[in-house]
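Notebook open, structure loaded. I want to look up the ligand surroundings, then the chain contacts.

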Amino acid sequence: MPRAFTPKVVTASDLLEGDVIYLTADDQWSRHLQDAEVLTDEAHAQLRLLHAERQPDRLVGAYLADVAQGPEGPEPTHFREDFRRTGPSNYAHGKQEAESNV
Amino acid sequence: MYNYTEFDHAFLAERNAQFRAQVERRIAGQLTEDEFKPLRLMNGLYLQLHAYMLRVAIPYGTLNSAQMRQLAVLAEKWDKGYGHFTTRQNIQYNWPKLRDVPDMLDALAEVGLHAIQTSGNTIRNVTADHFAGAAADEVADPRPYAELIRQWSTDHPEFQFLGRKFKIAITGAAADRAVIRAHDIGLRIVEQDGARGFEVLVGGGLGRTPMIGKVVRDFLPEVDLLPYLEAIVSTYNLLGRRDNKYKARIKITVHENGIEKVRALTEEAFVQRRAQFSGVDQTLLRDIQEQFAPPPWRASSQDAFDSLYESDPVFRSWADTNLAAHRAEGYAIVSISLKAHGKTPGDATAEQMRVMADLAERYGHNELRISHEQNVILPHVHKSDLPALHAALKEAGLATANIGLISDIIACPGMDYCALATARSIPIAQEIATRFNALKLEHDIGPLKIKISGCINACGHHHVGHIGILGLDRAGVENYQITLGGDGTEDAAIGERAGPGFSADEIIPAIERVVLAYLDLRHSNAETFLQTYRRIGLAPFKSALYPETAVAAE
Ligand code: HEM
Ligand code: SF4
């Protein structure tokens, strides 16, 4: 039996800033995981990844990352994606800083 | 210190202009990422977990005050106000924007600094003893040779596409403060019958297959340095494997072919290479050596030092841990700790960089060093200036008295920054330092080196830590493996794995159990952790680490 497809989001790094970004359902790039489009169908996920890869002047290194559906939207299932979502733990210099500036 | 020539300045300017055009073409969409990546790596620019990272070379760890101030400018203007000093005597900036990097490189070039060959499969920044030119136990200053090697290896056409990166370290003293036994080539200056030369080691390295270098030549006459290095690197270039990235380092070449074969091929190549060297390198070396002439030493009373040492325990504690013996009468080598308890090992703020630059100018003949242990050194300070220096350091949060102690931890960036990491390193270092500071045991424990890496690449040198910690990913959870008994000095040894790893919650108590076991097991407080370990071996520490298994086995 083929393995069940686990939910994913398309993520990458912004070309100019290097920041972690996520693809949204309306073809935008957001810096917040909760805005990301959650992909539950494998064929659709591959199409969305191709869509991202066709934007080399916007981003670097697109890939599909595992998520789980939470009450506030997608949540990381692995600690690496959790750190990418939040920023480093020694300073509030990543996303945490951006958050507190809002 | 070495002063850059017109040629050097023109070279950097041209190189930076080239890269600026490449960045522009990338941003305009005329270069794909696949085309651009090798170009950016040639200029020290990585893409990490949260941002770009720019790695700047600090050749053999030596800086003047103007250069240190410029590093502060970069931190402030194009980063988030700090920089991270590494075990390879580099500084890494964690937050530059792609568009700004050409400006950063131009700013570095203004003071003769650059990011060339800080990445890629070439000869990397040559590292050296951070006490070079000052240490009491030194045969000769290794930096002129390091500078000669730097000039020879930079853009050397034959060595731009080696099988893998290539690291050379050099020391001028018998005590190894440059980890030469864990480098692709390690050089130690020695004297034989009044002639100066090198003991040459080859094939050391850490990473996934840690190895201690082997002696390929007991005595290499000084004049033969460059042709012999060329012979080694060219032998590796031909013989080294390229079929498997993990087997491409020279340590594997030496391991698989044997040191005898590598030596024979090197000696053969050396005969040819030597014939091609006209002697210009020796003229150049003399020229470089003149520029590294020691500063004029001053003779003055050290009464102020002595009386403060007697009367102020805080000063005394700092002097006892952070000073090292200088070759000149009345002088000391000062290590400035970048390991304040609970802070990120190796980080300095722009403000701290400026303070250190000012102090070097005022009290230290305008010289600073970056140590592979992620601290900053003022190599030449007269003892009469130490009271004032200490007071100024204290004000800047730079007077932590912990050099060589349990909180003087080397930690790689780990998963807080590094895209290759499998777990975090920095929070573990922060917690260990904080815990033992709270226990007030640090000075009682004495010399103890803890080194932490966030993956098997071993940037944090965990294999050669007395206590090494390696962060791993076990089924999606951070897990930490302990090695014991490693040593990065002249008695180099690779640490032994103690057993199964620990979760992030368990690792600090586990380290505490090891250290308390040592306090219990040592003969006296004159016996260091490493000496105790060498006397009694792994077993007693293993029982301390895994009490349940020890009980079950009884
Ligand atoms: C954050 C970005 C970094 C990246 C992407 C990186 C990459 C790597 C890689 C791939 C290796 C493995 C080499 C091998 O297979 O032999 C390695 C090893 C090493 N790196 Fe890093 N590194 C980074 C940061 C650092 C830092 C911060 C330090 C110092 C604290 C450092 C110093 C070293 C050293 C000393 C080794 C030892 C292994 C050897 O013997 O070559 N690197 N690094
Ligand atoms: S040891 Fe691993 S995690 Fe740490 S800096 Fe090196 S490559 Fe990154």
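**Ligand 1**

I started with ligand 1: 22 residues surround it, and the closest are Thr87(B), Lys167(B), Leu206(B), Arg249(B) and Cys459(B). A residue makes the list if one of its heavy atoms lies within 4 Å of the molecule.

Before going on, a note on ground rules: this is a predicted model, where local features need pLDDT of at least 70 and side-chain atom pairs count only at pLDDT 80 or more, while totals for chains, interfaces and linings use all residues. Side-chain values use heavy atoms, with hydrogens and water left out, residues are numbered from 1 along each chain as its sequence is written, and chains are lettered from A and ligands numbered from 1 in the order in which they are written.

I sorted the shell around ligand 1 by class and got eight nonpolar, eight polar and six charged residues. My classes: Ala, Val, Leu, Ile, Met, Phe, Trp, Tyr, Cys and Pro are nonpolar, Asp, Glu, Lys and Arg are charged, and the others, Gly among them, are polar.

Which distances to polar side-chain atoms did I note? Arg249(B) has a polar side-chain atom 2.5 Å from an oxygen atom of ligand 1. For Arg164(B), a side-chain N or O atom is 3.1 Å from an oxygen of the ligand. Lys165(B) puts a polar side-chain atom 3.4 Å from a nitrogen atom of ligand 1.

**Ligand 2**

Next I listed what surrounds ligand 2; among the residues are Cys412(B), Cys418(B), Cys455(B) and Cys459(B). The shell of ligand 2 has eight nonpolar, four polar and no charged residues.

**Chain B against chain A**

I then turned to the interface, where 32 residues of chain B are in contact (heavy atoms within 4.5 Å) with 25 residues of chain A. Which three residues supply more than any others of the area that chain B buries against chain A? They are Leu49(B), His50(B) and Met415(B), with 22% of it. Buried area here is the accessible area (1.4 Å probe) that two parts lose on being put together, summed over both. The two chains bury about 2300 Å² between them, 57% of it on carbon and sulfur atoms.

I found one salt bridge in the count between the chains. Lys97(B) and Glu17(A) form it through their side chains, at 3.7 Å, N to O; the rule wants a side-chain nitrogen of Lys or Arg within 4 Å of a carboxyl oxygen of Asp or Glu.

**Confidence**

Last, I wrote down the scores: ipTM 0.92 and pTM 0.93.

Note on methods: Polar contact = N/O pair within 3.5 Å; in protein donor to acceptor, adjacent residues only side chain to side chain.
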